[in-house]
Amino acid sequence: MNQVHRQGADDLQSRAAHVAQRANWIRRSALKMIFEAKQGHPGGDLSAADILAALYFDVMRYDATQPNDLGRDRFIMSKGHCTGAFYSVLAGAGFFPEEELSTYLQPLSRLNGHPSRTYLPGVETNTGPLGHGLPVAVGAAIAGQIDKADFRVFVLTGDGELQEGSCWEAAMTAGHRKLSNLTLIVDRNRLQQGAPTEETVSLEPLGDKWRAFGWDVVEIDGHDPAALITALETTGDKPLCVIASTVKGKGVSYMENQASWHHGCPNAEQYAQALRELAQ
């Protein structure tokens, strides 16, 4: 299994710089897709960009030319509405041509509003209805445990998504089975559709909850590539929850920390401003 995404970089500083560069590309790509399609979920796309870049361009083991290789690491995008960022990272990693990103949300395009495993290589399972990704990831990790396989399973959830009961049923099972091959990343931007998470259904103390369910927990800055790489490479004898503190709309001043940009499309002037800010 080739790890072509690391490009031979061994020192953490070089690896982090590469991840930061790719994360900025993901942000620009996702905004271009949303602007041209006139719809999308820019806030969550931008908050998750660094996480996705660290996974696909540094940490995960995969070969995009053999997307069904049994030895591959698995990634499940539970916050499946954030397809601008997800499709961008899949294309950037070589699962399908980058030129196809221009078809986003068009009739008959493979790039639906929610990812479909029957359409695109690299999509492990259909997601979009929140609360489903972690249970699927737990199932994949159990399969790996039974087979004594060495692949790892990564899953990215939104924080508002953790208000779904199915997440905690899965968390309890993962803790009970000591699924050390499972890593959950929480995109902790503290905003969901329409309001802050803590005003909707409070999640805190979030780290303590995962520890109580039998997980190891690491809390980091979700926009620090070196911290992301270090955390995502961590393994132990329990499942790992990485709580990545992020900013919704990261990198675009008028989108940052604004629940109104959970879903929406910038106008031409706003799009031009976003590209200027992301070029800095």
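Does cysteine 167 count as buried or exposed, and at what relative accessibility? Cysteine 167 counts as buried, because its relative accessibility is 1% and the cut-off for buried is under 20%. The model discussed here is a predicted one.

**Cysteines**

A disulfide is a covalent bond between the sulfur atoms of two cysteines. How many disulfides does a search of the whole structure find? The search finds 0. Cysteine 167 is in no disulfide. Its nearest cysteine sulfur belongs to cysteine 241 and is 11 Å away. A disulfide needs the two sulfur atoms within 2.5 Å.

**Aromatic pairs**

Now for the rings. A search of the whole structure finds 12 aromatic pairs. One of them joins phenylalanine 35 and tyrosine 271. This pair is stacked. Phenylalanine 35 is in helix 1 (residues 12-37), and tyrosine 271 is in helix 9 (residues 268-278). The two residues are 236 residues apart, so the pair links distant parts of the chain.

Are phenylalanine 35 and tyrosine 271 buried or exposed? Phenylalanine 35 is buried, with a relative accessible area of 19%. Tyrosine 271 is buried too, at 13%.

Another pair is formed by tyrosine 87 and tyrosine 104, and it counts as edge-to-face because the ring planes are at 80 degrees. This pair also links distant parts of the chain, 17 residues apart. Tyrosine 87 is in helix 3 (residues 83-92). Tyrosine 104 is in the loop between helix 3 and helix 4 (133-147). Both tyrosines are buried.

Here are the two pairs side by side.

| Pair | Centre to centre | Angle between planes | Type |
|---|---|---|---|
| Phenylalanine 35 and tyrosine 271 | 4.3 Å | 10 degrees | stacked |
| Tyrosine 87 and tyrosine 104 | 6.0 Å | 80 degrees | edge-to-face |

Tyr87 and Tyr104 also belong to one aromatic cluster.

**Charges over rings**

Which residue has its charged end over the ring of phenylalanine 151? That residue is arginine 74, and its charged end sits 3.8 Å from the ring centre. Arginine 22 lies over the face of tryptophan 25. There, the distance to the ring centre is 4.8 Å.

Conventions: Residues numbered from 1 in each chain as written. Predicted model: local features only at pLDDT ≥ 70, side-chain atom pairs only at ≥ 80, totals over all residues. Heavy atoms only, no water. Buried < 20%, exposed > 50% of the residue type's maximum accessible area, 1.4 Å probe, protein only. Phe/Tyr/Trp six-rings, centres within 6.5 Å; stacked < 30°, edge-to-face > 60°. Helix = DSSP H or I, 4+ residues; strand = E, 2+ residues; numbered from the N terminus. Lys NZ or Arg CZ within 6 Å of the ring centre and 35° of its normal.
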